[in-house]
Amino acid sequence: MAQPVKVPSFNLSTCDAVEWLRSQPADSIDLLITDPAYESLEKHRAVGTTTRLKHSKASSNNWFSVFPNARFPELFAEVFRVLKRDTHFYLFCDAETMFVAKPEAERAGFRFWKPLVWDKRTIGMGYHYRSRYEFILFFEKGKRRLNDLGVPDIISSPRIHRGYPAEKPAAVSEILINQSSEPGDVVADPFMGSGSVGVAAVKLGRCFLGTDLNPDAVQLSAERLQFLAPGQAQGDVPAAAQPDLLGLASQP
Ligand SMILES: C[S@@+](CC[C@H](N)C(=O)[O-])C[C@H]1O[C@@H](n2cnc3c(N)ncnc32)[C@H](O)[C@@H]1O
């Protein structure tokens, strides 16, 4: 019998990343790409776990919460649990956090392949060599072949100006999604910010599941995604507690 065609869709919630992951079934997600709000972002100004970012006219909101490095073990354990067998996990990361995140993700069961470099093409802040790149750590659960073995480990794409704080270009996620998933697959981002991973996922015919603690981020993501695919955004209730209107939970 012919398989039903899966249409791209999205389902968003406003929730802590780890709590949201706990609400998802094991072995249910085909690809996870994420970009947590690292401690290092606020190294000089951090106070507790909620930190104000400098208010800027360029920002779509004033602040977001920092995710402490001490929570990496629970985060990576949940990411490993929700991913299906033979899948990939990509973690946007700066040079400082990479040394903390890599061994914790390995402890959770992932194989680390290598850091990819996102080359932003223009220089940013800093004194000791001004920053032009970020890392994307490439992990594997089980064994999965990349779809195109000719893609280089440096991904060049201009930084986003006047966007959400630390917004990543959807074009970077498009490369990762094309490499590590198929149309109809479920792609997730539990720190979705402006929803750039979701935009890339639904543009490429995938189903997107996302969450963020910040309601402004969820609203912004929903506004971007609603023009691309059918979907829904929920309040601060884990997705599994909501009716599965899109039938995502029953997907094989
Ligand atoms: C670096 S931003 C993500 C930017 C995103 N990649 C984009 O392209 O717009 C990190 C996000 O993590 C969110 N965040 C911080 N702590 C969180 C937590 N415990 N659970 C879920 N989201 C959290 C912040 O609100 C922020 O939107």
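Figure 1. Within strand S11 (residues 231-233), Gly 231 is the bridge partner of Phe 10, where strands are DSSP runs of E with at least two residues and helices are DSSP runs of H or I with at least four, both numbered from the N terminus. The model shown here is predicted, and local features are taken at pLDDT of at least 70, side-chain atom pairs at pLDDT 80 or more, while totals for chains, interfaces and linings use all residues. Residue numbers start from 1 along each chain as its sequence is written. S1 and S11 run parallel and are joined by 3 bridges, and two strands are said to pair if DSSP finds at least two bridges between them. S1 also pairs with S10 in the parallel sense, over 6 bridges, with Thr 14 standing opposite Asp 212 of S10. Strand S1 (residues 9-14) is largely enclosed by the rest of the structure, because 6 of its 6 residues are buried; a residue is called buried if 20 or more other C-beta atoms lie within 10 Å of its own, exposed if 12 or fewer, and partly exposed in between, with C-beta atoms placed from the backbone. The burial covers both faces of S1, with Ser 9, Asn 11 and Ser 13 on one side and Phe 10, Leu 12 and Thr 14 on the other.

Figure 2. Strands of a sheet pair through backbone hydrogen bonds, either parallel or antiparallel. Here 9 strands form an open sheet with mixed pairing, in the order S8-S6-S7-S5-S2-S9-S10-S1-S11. Strand S8 (154-156) and S11 stand at the edges with a single partner strand each, so one side of each is left without a neighbour in the sheet. On average, and with direction ignored, neighbouring strands of this sheet are turned by 20° against each other; axes are lines fitted to C-alpha atoms, for helices over the stretch in contact, and angles run from 0 to 180 degrees between N-to-C directions. Strand S2 (residues 29-34) runs parallel to strand S9 (residues 186-189), to which 2 bridges join it, and Leu 32 stands opposite Ala 188 in S9.

**Figure 3. Helices packed against the strands.** Helix H6 (residues 215-225) packs on the sheet and touches S1, S10 and S11, its direction making about 165° with that of S1; contact requires the C-beta atoms of two residues, placed from the backbone, to lie within 7 Å. Helix H3 (residues 95-107) lies across strand S5 (83-93), strand S6 (111-119) and strand S7 (133-141), and runs at about 5° to S7. In helix H2 (residues 72-82), the buried residues are Phe 72, Leu 75, Phe 76, Glu 78, Val 79, Phe 80 and Val 82, and these pack against helix H1 (17-22), S2, S5, H3 and S7.

**Figure 4. The largest nonpolar core around Ile 136.** The largest nonpolar core has 63 residues, among which Val 79, Ile 136 and Val 187 have the most contacts inside it; such a core is a set of buried Ala, Val, Leu, Ile, Met, Phe, Trp, Tyr and Cys residues joined through C-beta atoms within 7 Å. Leaving aside residues up to four places away in sequence, Ile 136 touches Tyr 90, Leu 91, Phe 92, Cys 93, Pro 115, Leu 116 and Trp 118.

**Figure 5. The shell around the ligand.** The ligand is surrounded by 22 residues, of which Ala 17, Phe 64, Gly 193, Ser 194 and Ser 196 are the closest, a residue being near a molecule if its C-beta atom, placed from the backbone, lies within 6 Å of it. Strand S4 (63-65) and strand S10 (207-212) each supply at least two residues of this shell. By class, the shell has 11 nonpolar, 6 polar and 5 charged residues.

Figure 6. Asp 86, a residue of strand S5, has a positive phi near 60° although it is not glycine, and counts as exposed because 12 other C-beta atoms lie within 10 Å. Tyr 129, in the loop between S6 and S7, has a positive phi near 70° and is exposed, with 7 C-beta neighbours inside 10 Å. Ser 181, in the loop between helix H4 (170-180) and S9, is buried, with 23 other C-beta atoms within 10 Å. Not counting residues up to four places away in sequence, Ser 181 touches Asp 30, Leu 31, Val 187 and Arg 206.

Note on methods:
Nonpolar A, V, L, I, M, F, W, Y, C, P; charged D, E, K, R; others polar.
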